[in-house]
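Please open the structure in your viewer, with residue selection ready to hand. The stops below say what to select next and what is there.

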Amino acid sequence: HRAAAAAVVPSPAPSRPLQALGAVELTPEQQAERAVLEGLRARRAELEAREQAMAAREMVLAAAERRLTQRVEELTALQQRLQSFDRTLSEREEAGWRQMVKLYEGMKPRDAAAIFDDLDLPVLVQILDRMGERKAAPVLGAMKPERARIVTAELARQRARPAD
């Protein structure tokens with residue numbers, strides 16, 4: 001019965017009379033509460049603005065990442081094409097050298113030596129380096145001794161270099 005009686009008891013009247021709705025005076029606790037709520041509201045607005053800015057940055061970064069990925073794929077494809085072209089060019093160059101070597105290997109050693117004595121050293125080294133030892137030895141033997149020494153030293157220097 002006490003619970004029912006307590007529910008019927010009217011609440012105590014406010015200690016001060018109600019004023020007009022717009023001019024309600026707030027207690028210091030209510031003012032502090034309102035300040036905290038306004039601060040929280042401002043902080044929430046700031047966080048939402050930050051979140052929107054971060055979302056915009058993420059979109060820009062994602063677009064930039066897609067462009068970079070596409071560019072990397074394009075550059076990789078270009079690199080593969082260049083490597084293929086370089087291999088083809090090297091193969092053609094090597095085929096040309098092999099044909100020239102075959103020509104000199106088919107000559108008499110004395111005739112090849114006469115040409116080799118006057119040939120530019122870089123060209124001569126390329127040819128002799130590709131010639132078989134059995135074919136190159138008689139040609140070197142028929143060359144002028146000083147020229148044979150120079151080309152032999154250059155061949156040794158070239159073979160001592162590490163491969164690229």
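**The whole chain**

Among the contacts in the protein (heavy atoms within 4.5 Å) between residues at least 6 apart in sequence, 61% join residues at least 24 apart. This is a predicted model, in which local features need pLDDT of at least 70 and side-chain atom pairs count only at pLDDT 80 or more, while totals for chains, interfaces and linings use all residues. Residues are numbered from 1 along each chain as its sequence is written, and side-chain values use heavy atoms, with hydrogens and water left out.

Colour by secondary structure next: the protein has 6 helices and 0 strands, where helices (H or I, at least four residues) and strands (E, at least two) are DSSP runs numbered from the N terminus. Of the 164 residues, 14% count as buried, a term for under 20% relative accessible area, with exposed meaning over 50% and partly exposed in between (1.4 Å probe, protein chains only).

**Helices α2 and α4**

Select α2 (residues 28-105) together with α4 (residues 121-130). Their axes come within 9 Å and cross at roughly 80°, the axes being lines fitted to C-alpha atoms, for helices over the stretch in contact, with angles running from 0 to 180 degrees between N-to-C directions. The two helices are therefore roughly perpendicular to each other, a class that spans 65 to 115 degrees.

Which residues in α2 meet α4? Glu94, Trp97, Arg98, Met100, Val101 and Tyr104 do so, and on the α4 side they meet Val123, Gln126, Ile127 and Arg130. Now select the buried residues of α4, which are Leu124, Val125, Ile127, Leu128 and Arg130; these pack against α2, α3, α5 (133-142) and α6 (145-160).

Tyr104 lies in α2 and Phe116 in α3 (residues 109-116), 12 residues apart, and both Tyr104 and Phe116 are buried.

**Pro109**

Finally, select Pro109 in helix α3, which is partly exposed, with a relative accessible area of 32%. Leaving aside neighbours within four places in sequence, Pro109 is in contact with Pro138, Val139 and Ala142.

Definitions and conventions:
Angles under 35 degrees count as roughly parallel, over 145 as roughly antiparallel, 65 to 115 as roughly perpendicular and the rest as oblique.
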